[in-house]
Amino acid sequence: MNAYIFPGQGAQFVGMGLDLYEKYPIAQELFETANDILGFRITDTMFEGTPDDLKQTKVTQPAIFLHSVILSKVMGEAFKPDMVAGHSLGEFSALVANGVLNFEDGLKLVSQRALAMQKACELQPSTMAAVLNLPDDTVERICEEIDGVVVAANYNCPGQLVISGEVEAINTACEKMKEAGARRALVLPVGGAFHSPLMLPAQEELASAIANTTFQKATCPIYQNVPTTAVVDANAIKNNLISQLTAPVKWTQSVQNMINDGAELFIEVGPGKVLQGLVRKINPSAETTSVILT
């Protein structure tokens, strides 16, 4: 069975999507539609902006979504998922891929989500940090013992967990993680505490946007970040998308469940190869590849 997986924030690079735009008429059409919907030429930033321009949440999230979704559209009939999953933002790309959202609605939701998250980031100094080579339960315990907001946010693969919260609490947590034997506890260059309680204001905005969007029946199951198991029901998908902003991304558990349910080949759709690396760390015998266009 083929599992198509879609990356999240952090996979962006300058020049992303330009080859698709120049080579495929359907890609050019969708990129121009996106420029109209967003009200600015995101293609200019994607194709020839600076890394700093591309790093702004309000640009990064739609840019990665567009690269992933347009790549899947360019594949045409070769795109045949038996199951899909996305890492954080990638969940929206996955929902367009399995027919739950149409392209326009997916892009509007991603843009609204990005703007809401950026606003939430500006309310309070907050950040995230990667913790390497420490058991998950040790990371969770240390987070619970610290004053202030700090939580486990991304279960990326065994031995790699990202924590999220207030700047001071994160700095304290990093010291304690190192004392407990972490190989590294490194503050990440992100603008806020994604997948933590500090995203509550953004969650309320996103819930309102999702309530006003049509969700269709899924053509194949999506393994969402919150429940980690196969979901096809539109209402459950909506609720999980809303919860995801303040809940952890359980990527390790999602991939394990996909393998248990018959996933044999993981195909990463979008910029970079980050998810393929994580899948192989979760299960070294798993087969992975990028999209290969003929």
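Predicted model: local features only at pLDDT ≥ 70, side-chain atom pairs only at ≥ 80, totals over all residues.
Two residues are in contact here when they have heavy atoms within 4.5 Å of each other.

Phe266 sits in strand S9. Leaving aside neighbours within four places in sequence, Phe266 is in contact with Ala3, Ile5, Val255, Met258, Ile259, Val279, Ala286, Glu287, Thr288 and Thr289. Its relative accessible area is 0%, and because buried means under 20%, Phe266 counts as buried.

Ala3 stands opposite Phe266 in S9, and the two strands, S1 (residues 2–6) and S9 (residues 265–268), run parallel and are joined by 4 bridges. S1 has another partner as well: S1 and strand S2 (residues 83–86) pair in the parallel sense, again over 4 bridges. Ala3 takes part here too, with Met83 as its bridge partner in S2. How enclosed is strand S1 by the rest of the structure? Of its 5 residues, 4 are buried, so S1 is largely enclosed by the rest of the structure.

Let's move on to strand S3, which spans residues 126–132. Here 7 of the 7 residues are buried, so S3 is largely enclosed by the rest of the structure. You can follow this on both faces of the strand: Ser126, Met128, Ala130 and Leu132 are buried on one side, and Thr127, Ala129 and Val131 are buried on the other. S3 pairs with S5 in the antiparallel sense over 7 bridges, and Ala130 has Val162 as its bridge partner in S5. S3 also runs antiparallel to strand S6 (residues 184–187), to which 4 bridges join it.

Which backbone atom lies 2.7 Å from a polar atom of the Ser164 side chain? That atom is the backbone oxygen of Phe194. Setting aside residues up to four places away in sequence, Ser164 touches Thr127, Met128, Val149, Val150, Val151, Ala153, Ile170, Ala193, Phe194 and Ser196. Thr127 and Met128 in that list are also among the buried residues of S3.

Now for the open spaces. The largest pocket holds about 810 Å³ of space. Of the 34 residues that line it, those closest to its centre are Gln9, Gly10, Ala11, Leu188 and Val190. Strands S3, S4 (150–157) and S5 (160–166) each supply at least two residues of this lining, as do helices H5 (57–74), H7 (103–123) and H13 (274–282). By type, the lining of the largest pocket divides into 16 nonpolar, 16 polar and 2 charged residues.

The second largest pocket has a volume of about 180 Å³. Its lining consists of Asp19, Leu20, His67, Leu71, Glu268, Gly270, Gly272, Lys273, Ser290, Val291 and Leu293. Helices H1 (18–23) and H5 are the elements that give two or more residues to this lining. The residues divide into 4 nonpolar, 4 polar and 3 charged.

Gln118 is found in helix H7, and its side chain reaches the backbone nitrogen of Lys58 at 2.9 Å. Beyond its neighbours within four places in sequence, Gln118 is in contact with Gln56, Thr57 and Lys58.

Met46, in turn, has its place in helix H3 (residues 42–48). With a relative accessible area of 0%, Met46 is buried. Not counting residues up to four places away in sequence, Met46 touches Phe13, Val14, Gly15, Met16, Phe31, Leu54, Ala63 and Leu66. Pro62 is 16 residues from Met46 in sequence, and the two lie 10 Å apart in space, C-alpha to C-alpha.

Conventions. Residues numbered from 1 in each chain as written. Heavy atoms only, no water. 1 Å grid on protein atoms, 1.4 Å probe; cavity = no way out; pocket = protein on both sides within 12 Å on 5 of 7 lines; lining within 4 Å. Points joined across faces, edges and corners; volume = space filled by probe spheres on them. Nonpolar A, V, L, I, M, F, W, Y, C, P; charged D, E, K, R; others polar. Polar contact = N/O pair within 3.5 Å; in protein donor to acceptor, adjacent residues only side chain to side chain. Buried < 20%, exposed > 50% of the residue type's maximum accessible area, 1.4 Å probe, protein only. Pairing = 2+ DSSP bridges.
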